[in-house]
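Dear colleague,

Please find below the structure for your files. My notes on the ligand site and on the pocket follow it.

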Amino acid sequence: MRMLPSRLPIIQAPMVGSLSPLVIAVSEAGGLGSLACAALGAEHLKEQMQAIRAATSAPFNVNFFCHTPPEADDEAEARWVARLAPYYEEAGLSLSAAQRAAGRAPFDAAMCEVLEEMRPAVVSFHFGLPEESLLSRVRATGATILSSATTVEEARWLEARGVDAVIAQGAEAGGHRGMFLTDDIGAQPGLFALLPQVVDAVKVPVVAAGAIADGRGIAAAFALGATAVQLGTAYLLTPQAGRSELHRAAIRAGRDDMTRLTNLYTGRPARGQMTRFMREHGPMNPEAPAFPRATGAIDPVRAIFEKAGKDDLSLLWSGEAAALAREEDAGVLTRRLWDDACDLARGLSGAFPGQPG
Ligand SMILES: Cc1cc2nc3c(=O)[nH]c(=O)nc-3n(C[C@H](O)[C@H](O)[C@H](O)COP(=O)(O)O)c2cc1C
């Protein structure tokens with residue numbers, strides 16, 4: 001059973017939009033910083049990894065999506081763009097500005113070559129695993145390989161294909177659901193239900209993810225059998241996360257009941273803070289083009305709204321525990337999270353009613 005190479009069993013979740021500064025701060029503090037690569041081409045991937053290596057010798061994780069890109073469906077995409085016409089009009093933008101670009105690319109041979117050259121300590125995947133020929137090349141680099149499971153069946157599938165650890169992603173989690181054997185979002189279990197059942201079902205270590213944002217959540221995850229935790233939203237207010245002011249404001253204002261799963265922005269369900277776009281067209285809509293092709297229609301008009309300081313069309317990815325996120329240096333946060341979890345665990349034996357003090 002291979003464990004994480006970092007000193008602390010805390011993974012900063014890969015988050016598209018956060019780059020090397022966050023990875024460096026977390027890895028230097030003893031956690032496992034993660035670089036999200038779905039929106040980086042192979043060239044930028046190498047640059048980002050070089051920047052991390054120049055700043056720290058600590059291990060880090062690089063993360064990839066591994067979806068199968070859909071065929072372009074011009075008719076469906078044109079219908080989707082037409083649906084967005086009122087926003088284009090409001091922004092004073094011609095509908096012809098809508099892009100057909102997909103925005104998020106799956107793991108491919110060019111990215112694999114960068115891994116073979118740079119040899120990161122950990123590689124994680126979302127939406128299953130890449131095809132076996134690519135996966136075996138990643139394995140040959142010696143990297144520890146992780147991937148997200150949102151059900152027990154997905155966890156078993158990943159274990160059967162040789163991952164070193166499974167990330168159990170509860171329904172509370174911010175960002176895209178990693179689901180790949182099901183598309184039934186109503187059947188996605190929360191972390192308290194999912195984690196112990198995945199721990200019972202597989203022999204590899206299990207990493208817990210989903211609305212863990214402080215020492216209490218970490219201690220609870222370990223009590224349920226986790227070997228490590230992965231936190232995303234908790235890091236969004238750190239200066240190193242590099243999020244937009246609009247995203248930061250939404251996280252600061254976050255409450256337990258303010259997120260929804262939506263497919264409007266990319267075509268796949270992802271959890272984010274509620275927006276006007278989600279209220280008016282979703283939050284789930286069967287007409288959204290298949291992942292990741294929904295992105296191109298909204299991107300240009302969203303940029304204009306954002307320039308005017310409006311988050312009506314913004315992707316405000318967030319888990320259900322945004323209210324627990326703190327404005328703190330990412331390294332300080334990493335150490336404090338672990339110290340708080342350890343303090344809590346030490347105090348727990350006296351905390352059960354009826355337990356002799
Ligand atoms: C802003 C944001 C972006 C994310 N991007 C990715 C990503 O690129 N790759 C990935 O595997 N997971 C991504 N996730 C999901 C995380 O891996 C993790 O499951 C989630 O952050 C855990 O829930 P939490 O945000 O409540 O801590 C993202 C999450 C957030 C909040």
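In this predicted model, the ligand is surrounded by 21 residues, of which Pro 14, Asn 63, Ala 211, Gly 232 and Thr 233 are the closest. By class, this shell is made up of 10 nonpolar residues, 10 polar residues and one charged residue.

A polar side-chain atom of Asn 63 is 2.8 Å from a nitrogen atom of the ligand. Pro 14 places a backbone N or O atom 3.3 Å from a ligand nitrogen atom, and Gly 174 has a backbone N or O atom 3.3 Å from a ligand oxygen atom. On its own the ligand has 600 Å² of accessible area, and the protein covers 98% of it.

The largest cavity is the space that the ligand takes up. Two elements give two or more residues each to the shell around the ligand, namely strand E3 (60-65) and strand E9 (228-231).

I also examined the largest pocket, whose volume is about 410 Å³. Its lining comprises 20 residues, and those closest to the pocket centre are Val 16, Arg 104, Arg 243, Arg 302 and Leu 315. Helix H10 (245-252) and helix H12 (295-307) each contribute at least two residues to this lining; H12 provides the largest share, with four residues. By class, the lining of the largest pocket consists of seven nonpolar, eight polar and five charged residues.

With kind regards

Definitions and conventions: Residues are numbered from 1 along each chain as its sequence is written. This is a predicted model: local features need pLDDT of at least 70, side-chain atom pairs count only at pLDDT 80 or more; totals for chains, interfaces and linings use all residues. Side-chain values use heavy atoms; hydrogens and water are left out. A residue is near a molecule or strand if one of its heavy atoms lies within 4 Å of it. A polar contact is a pair of N or O atoms within 3.5 Å; within protein, one must be able to donate a hydrogen and the other to accept it, and residues adjacent in sequence count only if both atoms are side-chain atoms. Accessible areas come from the Shrake-Rupley method with a 1.4 Å probe; for residues, only the protein chains shown count as cover. On a 1 Å grid over the protein atoms alone, a cavity is a set of points where a 1.4 Å probe fits but cannot get out, and a pocket is an open set with protein on both sides within 12 Å along at least five of seven lines; lining residues have an atom within 4 Å of a point. A molecule sits in a cavity or pocket if more than half of its atoms lie within 2 Å of its grid points. Ala, Val, Leu, Ile, Met, Phe, Trp, Tyr, Cys and Pro count as nonpolar, Asp, Glu, Lys and Arg as charged, and the others, Gly among them, as polar. Grid points are joined across faces, edges and corners, and a volume is the space filled by probe spheres set on the points.
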